[in-house]
Amino acid sequence: MLNANPTAQDCIDALGHLVSFDTVSHNSNLALIESVANALSDIGVESRLTHNEEGTKANLWATIGPADRGGIVLSGHTDVVPVENQDWSSDPFVMEERDGLLYGRGTSDMKGFVACAFAHAAQMAKTDLKVPIHLAFSYDEEVGCTGVIDLVEDVSANFPKPLAVIVGEPTMMQIVGGHKGGRSYTTTVRGVDGHSSAPDLGANAIFAAARIVSYLQEVQARLKEQADRESGFSPPYTTVDCGLITGGTAFNIIPAECSFGWGLRSVPGEDTDAIVADIFNFIETQVEPGLKAISPQAGVSHVQRNDLPPFAPDESSPAESLLRHMIGQNRSGRVAYGTEASRFQEVGIPAVVFGPGSIEQAHIPDEFIAIEQIHKCHDFLNDLTRWAASHDRIA
Ligand SMILES: [Zn+2]
């Protein structure tokens with residue numbers, strides 16, 4: 001099935017194949033992973049899977065070339081975002097070409113890169129590589145970059161440390177060397193209900209929540225003042241958001257519950273723990289005592305929804321050097337979205353984000369990738385394979 005002399009059309013065909021698996025994050029990705037693992041096995045490349053606890057999803061790790069040394073990791077997630085309540089012109093899970101654009105869920109984000117890497121595996125396998133090329137295909141990226149954590153742990157514990165990882169999120173084949181981190185919470189205020197004519201007999205959860213939300217705005221103002229304008233991030237400071245709030249049951253009943261979702265997108269070097277500790281401290285000292293004075297059962301609780309460290313720019317990293325050398329760009333950009341690059345950087349594996357397609361297409365109805373982008377990625381993988389055959393390290 002895998003062509004040892006892959007053409008761009010082979011990459012496109014592989015993309016159509018991958019798109020046909022409905023790997024929305026809440027579904028299993030095993031059918032896709034098994035299909036990839038079987039095709040790799042046919043060309044003599046062994047896959048190593050790390051499963052989630054329930055055994056319903058898996059990451060795939062495969063090494064092409066010498067296994068006694070670390071190489072270049074081609075990393076991509078296999079899960080995609082949902083299509084519910086989106087108006088698609090064609091079936092999101094049947095790739096369709098219209099005017100040089102390939103439509104389908106995940107074409108840009110990011111089965112495009114995964115398909116190109118997969119389609120090139122047989123060529124890599126028949127080439128006498130000095131630097132191995134690893135495939136790292138993950139699950140649950142779209143829900144906080146959590147699936148890949150086990151893969152990274154497994155690789156760190158059991159294999160030589162890779163030289164560099166290319167995370168193929170859609171950057172229009174431009175080098176991205178940094179992004180912000182993200183942490184978010186759902187906070188629930190429990191008050192005490194009562195008739196709104198007697199406010200002192202209840203504890204108004206909405207009023208309490210409003211004080212916390214106002215405090216979040218104060219924190220934001222403070223962080224904005226500390227902006228490092230040279231950081232290259234947009235905006236150049238840690239941002240605080242609160243995008244969801246629900247509470248109360250009727251206009252004349254003191255609301256007993258109010259919950260809201262909030263979070264931080266932190267620039268590298270920010271002490272996120274300290275910011276969160278300050279917010280929690282405000283809640284414990286300024287908000288909770290008033291609630292608890294009415295009832296000891298009243299109070300505020302938090303559930304952390306996600307936590308992704310920032311991907312800190314490192315202009316001297318081997319991953320950046322390799323990409324700059326290969327594609328002749330001498331600058332790297334910053335992006336506003338989170339990626340698995342920070343999970344690799346966390347354990348000391350140098351990373352860049354670099355892949356076909358545009359992030360503007362991600363997560364929207366009629367997601368597409370331009371065929372021209374697949375051609376560029378195809379050419380890049382040919383170059384990378386040649387590079388890995390003629391170098392034994394990143395110069
Ligand atoms: Zn993505």
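**Figure 1. The exposed side of helix α5.** Ala 157 and Asn 158 are exposed on the other side of α5 from the buried residues of this helix, which are Val 148, Leu 151, Val 152 and Val 155. A residue is buried if 20 or more other C-beta atoms lie within 10 Å of its own, exposed if 12 or fewer, and partly exposed in between, with C-beta atoms placed from the backbone. The model is predicted: local features need pLDDT of at least 70, side-chain atom pairs count only at pLDDT 80 or more, and totals for chains, interfaces and linings use all residues. Residues are numbered from 1 along each chain as its sequence is written.

**Figure 2. The buried side of helix α5 and its cover.** Helix α5 spans residues 148–158, with Val 148, Leu 151, Val 152 and Val 155 as its buried residues. They lie on the same side of α5 because they cover an arc of only 95 degrees around the axis; the arc is that of the directions from the helix axis to the C-beta atoms. Their cover includes β1 (47–51), β2 (58–64), β6 (133–138) and α9 (341–346). Helices (H or I, at least four residues) and strands (E, at least two) are DSSP runs, numbered from the N terminus.

**Figure 3. The largest nonpolar core, around Leu 15 and Ile 72.** This core has 77 residues, and Leu 15 and Ile 72 touch the most other members. A nonpolar core is a set of buried Ala, Val, Leu, Ile, Met, Phe, Trp, Tyr and Cys residues joined through C-beta atoms within 7 Å. Helix α3 (residues 107–119) gives the most to this core, eight residues. Apart from neighbours within four places in sequence, Ile 72 is in contact with Val 131, Ile 133, His 134, Leu 163, Ala 164, Ile 166, Leu 384 and Ala 388. Two residues are in contact if their C-beta atoms, placed from the backbone, lie within 7 Å.

**Figure 4. The second core.** A separate core of 18 residues includes Ala 205, Ile 206, Trp 262 and Leu 291.

**Figure 5. Where domain 1 touches domain 2.** Domain 1 comprises 8–179 + 310–390, and domain 2 comprises 181–308; these bounds come from an automatic or database domain assignment. Contacts join 10 residues of domain 1 to 10 residues of domain 2. On the domain 1 side, five of the touching residues are nonpolar, four polar and one charged. Ala, Val, Leu, Ile, Met, Phe, Trp, Tyr, Cys and Pro count as nonpolar, Asp, Glu, Lys and Arg as charged, and the others, Gly among them, as polar.
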